[in-house]
Amino acid sequence: MSTTMSVAPSGRVDAVVAVPGSKSIANRALVCAALADGTSTLSNLPDGDDTTALLAAVEALGVAVTHDGERAVIDGHGGNWPSATLHAGLAGTTSRFLTALVALGSTPITIDGDPPLRGRPFGPLLDALTQLGVGIEFGEQPGHLPLRITGPPNGTGVSLRGDVSSQFVSALMMTGPAIDNGLVIELTSPLVSVPYVDLTADVMGWFGVDGIERTHDRIAVPHGSYRAGEVTIEPDASSASYPLALAAVCGGRVTVEGLGLGALQGDARFADLLASMGCAVTRTTSAVTVESGGVLRGIDVDMSDISDLVPTVAIVAACASSPTRIRGVGFIRAKESDRLGDLSNELRRLGVDIDETDDGLEIRPSAEGWHGGRVDTHHDHRLAMAFGVLGSRIGDVEVAEPDVVSKSWPGFWQMLSAVTT
């Protein structure tokens, strides 16, 4: 029997919220630390399932890991992996990073995941690895998990679509330094989620790999060696969007600490989107604050570079006084859920006036038609958290399978209760 979380209506909010560390940064840092020779220390690690799964996989690959709360010490050894079977659960980023990582070794390694992850596409990444001479054996369905991978690569260049998932590009980039003569990635279509690729280059630089060249259709990663490093991970900007959105939809003020001026993650732009919708935004070196400005207005926005924010922008748009159009995100149909179709179908259950388009969403004012109801999360943590925020405005909303938030923010529901009561 499925479980549900009941979300009650909230009044105005006034809170300072601590958000877990960025899983995007943490997972990139873990890969680089595993490939480095020496001991790296990572602080402010998130406690979500994605990072936990990657930590366990790295340890199964023979890397010594000491993990104590938000701190991990990684004794990397440069990619000489033992035979292993790695399980990524529901973690798309983890499974894709691991697919490229294990290809550096000469021992066959199997990667698998839970049934929803088995349904997500890996084809473009696997095609790229095949171009490099990596051996890939499929399990139940070509292009999907489970996979049996045997390296190492013997080529230096690949062609790869850029409009499917930037995770494929980032996975290849991080393994590039370990390939003789480096790696050149030729992009055959426009790159989406560019800030995540830039973030990958930043993290690689922290571990001593510089000189990555990127143009609109080509990424060149030089041959080199990762050095051990010490990294403190900034709060997760995608997760921060949910408490910041509470200020917009419920009224009031929310501050997220540790995500101020100089934040590396592209999703830190969420506060700017709220400003364009009528909120007041204040940034300091150490925090960002969003304060409601009264009536919210709709926007027309291309979100191809910040697609993880689509569910949060959609529920804020549902509370606006004029229509919103979200563009450039057709590729998010292949995320943990169909983040266009599933999101729009569930929001309609609550009376939101929303339509799916070829590459996005159109949301129109509909407050007079709102009502409570049960919404499904479709194994998607971002849908669950967005529904929780909107439920705080509408009230009487039942979110099915609420524990899916453990993928990125296990304490989300406790945070929501503390901020809204």
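## Basis

Contact, the sense in which elements pack against each other here, means heavy atoms within 4.5 Å. Helices (H or I, at least four residues) and strands (E, at least two) are DSSP runs, numbered from the N terminus. This is a predicted model, in which local features need pLDDT of at least 70 and side-chain atom pairs count only at pLDDT 80 or more, while totals for chains, interfaces and linings use all residues. Residues are numbered from 1 along each chain as its sequence is written, and side-chain values use heavy atoms, without hydrogens and water.

## Helix α13

Helix α13 spans residues 412–420, and its buried residues (under 20% relative accessible area, 1.4 Å probe, protein chains only) are F412, W413, M415, L416, V419 and T420. They lie on the same side of α13 because they cover an arc of only 155° around the axis, taken from the directions from the helix axis to the C-beta atoms. Q414 and A418 are exposed (over 50%) on the face turned away from that buried side.

The buried residues of α13 pack against strands β1 (4–7), β2 (13–17) and β23 (397–400), and against helices α8 (237–250) and α12 (381–394).

## Helix α5

In helix α5 (residues 123–131), P124, L125, L126, A128 and L129 are buried. Their packing partners are α3 (92–102), α6 (166–175), β8 (135–138), β9 (147–150) and β10 (157–160).
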